[in-house]
Amino acid sequence: MKRAVMLDRDGTLIEEAGYLDRLERLVFFPYTVDAVRLLNQAGFVVVVATNQSGIARGLVEEAFVHEAHEHITARLAAGGARVDGYYYCPHHPDAVREAYRQRCDCRKPAPGLLHRAAADLQIDLPRSFVVGDRLQDLEAGAAVGARGVLVRTGYGRLTEKAPQPDAPPAAVVDNLIEAVSWILRQS
Ligand SMILES: [Mg+2]
Ligand SMILES: [Zn+2]
C-alpha cells in the first residue's frame, strides 16, 4: 500500500479557467512540473481527481478532457514528472446531456474518484493527502481519511474565508509548490 497525493486539477495543478474547453486555455503554473516531480521523487503516487461537470452541462466534450490530460502528461514528461492516474467526474444532477444526468458517487465532495484511484493504484488513503482549492476537495479527502491541504490559487482565497467545519484543512498554503513542501515535511 502506497502513500498518494491526490491533486485537484483546475485552480490547483493548472490555472482555473472556468470550463476548460481548449488547449490554448490550459495554463501551467510556473512550479507545476517541479511540484509533481518532487512528489514522484519522494515516492508518492500522484493522482489527479477532478470534477468535470462541463461535460454534463454540454460545455466540454469528454474527448477533450482526455486530450487535456494527454497534454498535461506530455508537458510533465518533458520535465521528468509524472501523474500516475487521472480520474474525473463527468456527471451533474441537472445535466443537459441526459447520459450524464445523475447523482453519482464520484462528483466531489463525494469520495468516489478517490476510492477508484485507491483501488487501481493500491493507495493507503489515511496516509495520503488531498490538495485542492475548494471545499469539495477537502470534503472528499476528509471522507476517505486523507489529510487536506488548501491552496490559495484558483478559488482558494474564497474557500479560505468560508467556514469548513466538516473538513478543516491540515494546512493552508499559497500554492501547489508550497503544498508539496509542506507534505514533504510531514514524513
Ligand atoms: Mg479546483
Ligand atoms: Zn460522477
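Two strands pair if DSSP finds at least two bridges between them. Helices (H or I, at least four residues) and strands (E, at least two) are DSSP runs, numbered from the N terminus. This is a predicted model: local features need pLDDT of at least 70, side-chain atom pairs count only at pLDDT 80 or more, and totals for chains, interfaces and linings use all residues. Residues are numbered from 1 along each chain as its sequence is written, and side-chain values use heavy atoms, without hydrogens or water.

**View 1. Strand β4 and its partners.** Strand β1 (residues 4-7) pairs with β4 in the parallel sense, over 3 bridges. Leucine 7 has valine 131 of β4 as its bridge partner. β4 also pairs with strand β5 (residues 147-151), again parallel, over 4 bridges. Here valine 130 stands opposite glycine 148 of β5.

**View 2. The two faces of β4 (residues 129-132).** Phe129 and Val131 are buried on one side, Val130 and Gly132 on the other. Buried means under 20% relative accessible area, exposed over 50%, partly exposed in between (1.4 Å probe, protein chains only).

**View 3. Helix α3 (residues 62-78).** Phe64, Val65, Ala68, His69, Ile72 and Leu76 are buried.

**View 4. Around α3.** Its buried residues pack against α1 (32-41), β2 (45-51), α2 (53-56) and β3 (85-89); contact means heavy atoms within 4.5 Å. Just after α3, glycine 80 has a positive phi of about 75°.

Technical notes. Chains are lettered from A and ligands numbered from 1 in the order in which they are written.
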